[in-house]
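Please read these notes with the structure open beside you. They cover helix packing and aromatic pairs.

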Amino acid sequence: MSEAKDSGRNNVDGSFLNPNVSRRLFMLGTAAVAAGATLGRWVPTAQAAVGGQLDIMTWEGYTLQNEAADWIKSSGIQVNASIMGSQDDVTAKLMGGGVRLDLSEYSNGYEELYKGLNLLKPIDVSQIPNYNAKDIITRFYDGDMWFWDGQRFGIPWTWGVDTIVYRPEAISAPITSFKDLLRPEFKGRLTFLDNPLTVWPLAARVTGFGDKFPNVTTEELEEIWVRMQPYRDQCRTFASSNGDITSLFVANEIDACFCTWTAATIQTAKQGVKTEYVFPEEGGAVWADAWFIPATSVNTETALAFINQALDPKVQAEMSQSVSSAVVNRKAVQYMDESTRSLFAYDKIDEVLAKSPLKGQPPRESDQFATYDDWLQAWASFRAGF
């Protein structure tokens, strides 16, 4: 996830009814020093009990200040929330030095960025009782995206799927594959969301390299975008956000988006435009956000309690409704409103996640595979039409 998420509702097909530091990081670190100077200095103080000031950085709408308001108040917590526009915002703050941050999030794939940087504190799961094997959806319990070097560093707590969203009245036949977006009716009526987190793994899957992603050679990377060129030829424009996707649908400038959040359908409906989403035979792209505790954390006990509260079934249900994301706690499903619950087939959620596996990101440095910077350059060239 590289932006604040919007809301949405779905329509799905029959099978998923309701279903060490890179050059780029080095440059970011330089900017981060300057950023740290503007974000406020802090002096560590002892903090043992739950309560007091909790400095967090998260996506817009994910601060829990509404969904967990009563608990926050009764616990005597003052939540100071900074809103992230991208994961780099968090990294800059962590690397800036001298800036307090008790709690933040990272998206799937970014664990490679933080490994070895000593910027994260290990998490004591015994202090997060809501995070347990019985209640948490299997795919989001343990896993190397959140657990490495024999310790846990992340707690996944919200997720979603990006896939094809389209205008049903504009299609001549059902969409069952990404290849259907190459039909003549979509010429000049297709858009892409500028979101590498989900577009890259789907592009690899559509072009036959899905099983290898994120570890493909530079030659395979080039081949992926050559095979994606027919989709580029269909494209009217590239959207910078989910909000832009909604605007393009409402303005009748597009009939389909190659890959966007399923929740986009709710946003278009609010403006009188019906859109639907479909999980094609190739599947969709799953994203997941995880809480982590930065090394700068002072109020660690409260950060752990906050994570536990974020996994409370009722809080999970309210969060899913407010931002149209999916829950990780199975007990939350019973408390969800019908429209949000219908976004995903929770009764067969393991099947959904098997068809749309959670992927990481390309390596920051490698002598064998195309790096994250290589992918960035290839994606920029694709968008520019080269």
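At what angle do helix α6 and α14 pack, and how far apart are their axes?

1. The model is predicted: local features need pLDDT of at least 70, side-chain atom pairs count only at pLDDT 80 or more, and totals for chains, interfaces and linings use all residues. Residues are numbered from 1 along each chain as its sequence is written, and side-chain values use heavy atoms, leaving out hydrogens and water.

2. Helix α6 (residues 218-227) and α14 pack at about 20°, with axes 11 Å apart. Axes are lines fitted to C-alpha atoms, for helices over the stretch in contact, and angles run from 0 to 180 degrees between N-to-C directions. Helices are DSSP runs (H or I, at least four residues), as are strands (E, at least two), numbered from the N terminus. α6 and α14 are therefore roughly parallel (angles under 35 degrees; 65 to 115 is roughly perpendicular).

3. Helix α5 (residues 196-206) packs against helix α14 (residues 372-384) at about 85°, with the axes 12 Å apart. These two are therefore roughly perpendicular. Pro196, Val199 and Trp200 in α5 meet Tyr372, Trp375, Leu376 and Trp379 in α14 (contact means heavy atoms within 4.5 Å).

4. The whole structure has 30 aromatic pairs (rings of Phe, Tyr and Trp, its six-membered ring, with centres within 6.5 Å; planes under 30 degrees apart are stacked, over 60 edge-to-face, the rest tilted). Tyr62 and Trp157 are edge-to-face, 5.9 Å centre to centre with 85° between the planes. Tyr62 is buried, at 0% relative accessible area (buried means under 20%, with a 1.4 Å probe and protein chains only).

Methods. Parallel < 35°, antiparallel > 145°, perpendicular 65-115°, else oblique. Buried < 20%, exposed > 50% of the residue type's maximum accessible area, 1.4 Å probe, protein only.
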